[in-house]
Amino acid sequence: MKKDDSRANIWVYNQLREQIETLVLKPGTELNLTELSESLGVSRSPLRDALLRLERDSLVDIFPQKGTRVSYLDISDIRQERFMRMNLELGALKSFMDLELNDLAKEAYVTRLKSLLLKQKAALISGSYIDFLKADDEMHATFYSQLGYERVYAVLFSHTGNERRIRLLSSLAGNIANDIETQHEAIIDAIARGAKEEALELDRDHLNKIEDEYPMLIELFPQYFLK
């Protein structure tokens, strides 16, 4: 494979993945390869490669000789992705809280968290739930980056696309995004005080909260869920 071909494959994959995760391409949408090739300005070769990768991510379903569609949301898949996220994140946060940072390094990190919280607030004010979700991801990613575990987060991110989709639905459902913002403030405060067990408990509750929302989300958006 030529280097340029590899770059094209990655670009197409990233473009389609973002459209799926942000619900531009909604669950159940039939994907027409000719239309996608024209809209993205690429040949079918990188498009086919991207769709195969998205199928491995459980974000599209490919039916040989029949067609391809954006996967419906499957609560079973989402629970597996959230299990992965829960255990990796709490482990990363615990390891971070065990670091012996000097006062200056700790202040710099807490300032970074607060700046990301401001990005979330700005996104809420502007009504951009996609930007809110991205700022949310940025904040949680810092637990890994402070440890130098960016590769771990990259692997986690690549395997939690369905979890990201239902989080966006959750934000669209009402005042849930405001609740998330309040939870983030409490987590940041516990981190600033060095209260490890409190920070871990708050983050655990924060990550678990969406479990209670599944019935409500299925009722509000039944067309997006696997029957």
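Is alanine 8 buried, exposed or partly exposed? Alanine 8 is partly exposed, with a relative accessible area of 27%; buried means under 20%, exposed over 50%, and partly exposed in between, with a 1.4 Å probe and protein chains only. This residue lies in helix α1 (residues 3-21), helices being DSSP runs of H or I with at least four residues, numbered from the N terminus.

The model is predicted, so local features need pLDDT of at least 70 and side-chain atom pairs count only at pLDDT 80 or more, while totals for chains, interfaces and linings use all residues. Residues are numbered from 1 along each chain as its sequence is written, and side-chain values use heavy atoms, leaving out hydrogens and water.

Two nonpolar cores are described below; such a core is a set of buried Ala, Val, Leu, Ile, Met, Phe, Trp, Tyr and Cys residues joined through side-chain atoms within 4.5 Å.

| Core | Size | Residues, among them |
|---|---|---|
| Largest | 26 residues | Leu93, Phe96, Phe143, Ile191 |
| Second, separate | 17 residues | Val12, Ala50, Leu51, Leu59 |

The four residues named for the largest core have the most contacts inside it.

Beyond its neighbours within four places in sequence, phenylalanine 143 is in contact (heavy atoms within 4.5 Å) with residues including Glu89, Tyr109, Ile187 and Asp203. Phe143 is one of the buried residues of α6.

Notes:
Helices (H or I, at least four residues) and strands (E, at least two) are DSSP runs, numbered from the N terminus.
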